[in-house]
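Notebook open, model loaded. I want to go through the strand pairing, then the aromatic rings.

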Amino acid sequence: MSMIPSFFSGQRSNIFDPFSLNIWDPFKDFPTQISKENFAFVNTRIDWKETPEAHVLKADLPGLNKDEVKVEVEDDRVVRISGERKIEKEDKNDTWHRVERSSGKFVRSFRLPENVKMDQIKAAMENGVLTVTVPKVEVKKPDVKAIKISG
C-alpha cells in the first residue's frame with residue numbers, strides 16, 4: 001500500500017506503479033484560503049521607478065483617503081507603506097450577490113539604495129494613487145584636470 005493517495009479513485013495504490021497517477025502534495029494540510037487581511041495585502045499594487053533625480057513609488061489605493069494610509073521610514077533606508085480598508089457595514093436586510101472588493105490591513109516595505117536622501121521624502125495622494133518621492137543624493141562628478149605632457 002502506498003502512502004500517497006490517488007486523486008481519482010480516492011483509494012491508495014502502489015507507489016511503484018508509474019501509471020497510478022498518485023501525486024504527493026506536501027501542502028495538503030496547509031489552509032488553502034487566503035484570509036481577508038492577507039487578500040488586501042496581496043492586492044496592493046506598487047510601482048517603483050528610478051529617475052535621475054529620485055526614486056518614485058506609486059501605489060493604487062482606491063477608496064482610501066490620506067488619513068487611512070501611513071508612510072514611514074524604518075532602519076534608515078526602508079520605506080514602509082501601510083493602511084487599512086474597512087469592511088462595509090452589513091445590514092441584516094441586505095442581500096449580497098457578490099463581494100469582490102478586498103478589505104483589511106496591508107503593509108509593503110521597500111529597501112532603497114544608499115544614494116537617497118531619506119530625510120527629504122515627500123508623499124502625496126491624488127485620486128486613490130499614493131506617490132512617494134525619495135530624492136537621490138547628487139553624485140558629484142570628479143574634477144578632471146588636464147596634465148600637460150612634456151617632452
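I began with a pair of strands: β2 (residues 54-60) and β7 (residues 129-135) run antiparallel to each other and share 7 bridges. I picked out Val 56 and looked up its bridge partner, which is Thr 133 in β7. A caveat for myself: this is a predicted model.

Next I asked what order the strands take in the open sheet. I read off β1-β2-β7-β6, 4 strands with antiparallel pairing.

Which strands stand at the edges? Those are β1 and β6 (122-126). Each has a single partner strand, so one side of each has no neighbour in the sheet.

Then the rings. How many aromatic pairs does the structure hold? I found 1. Its members are Trp 48 and Phe 110, with ring centres 5.9 Å apart and planes at 80°. Edge-to-face needs planes over 60 degrees apart, so the 80° here puts this pair in that class.

I looked up where the two residues sit. Trp 48 belongs to strand β1 (residues 46-50) and Phe 110 to strand β5 (residues 104-111). They are 62 residues apart, so I note the pair as a link between distant parts of the chain.

Last check: buried or exposed? Phe 110 has 10% relative accessibility, and because the cut-off for buried is under 20%, Phe 110 counts as buried. Trp 48 comes out at 38% relative accessible area, so I logged Trp 48 as partly exposed.

How values were computed
Residues numbered from 1 in each chain as written. Predicted model: local features only at pLDDT ≥ 70, side-chain atom pairs only at ≥ 80, totals over all residues. Heavy atoms only, no water. Phe/Tyr/Trp six-rings, centres within 6.5 Å; stacked < 30°, edge-to-face > 60°. Helix = DSSP H or I, 4+ residues; strand = E, 2+ residues; numbered from the N terminus. Buried < 20%, exposed > 50% of the residue type's maximum accessible area, 1.4 Å probe, protein only. Pairing = 2+ DSSP bridges.
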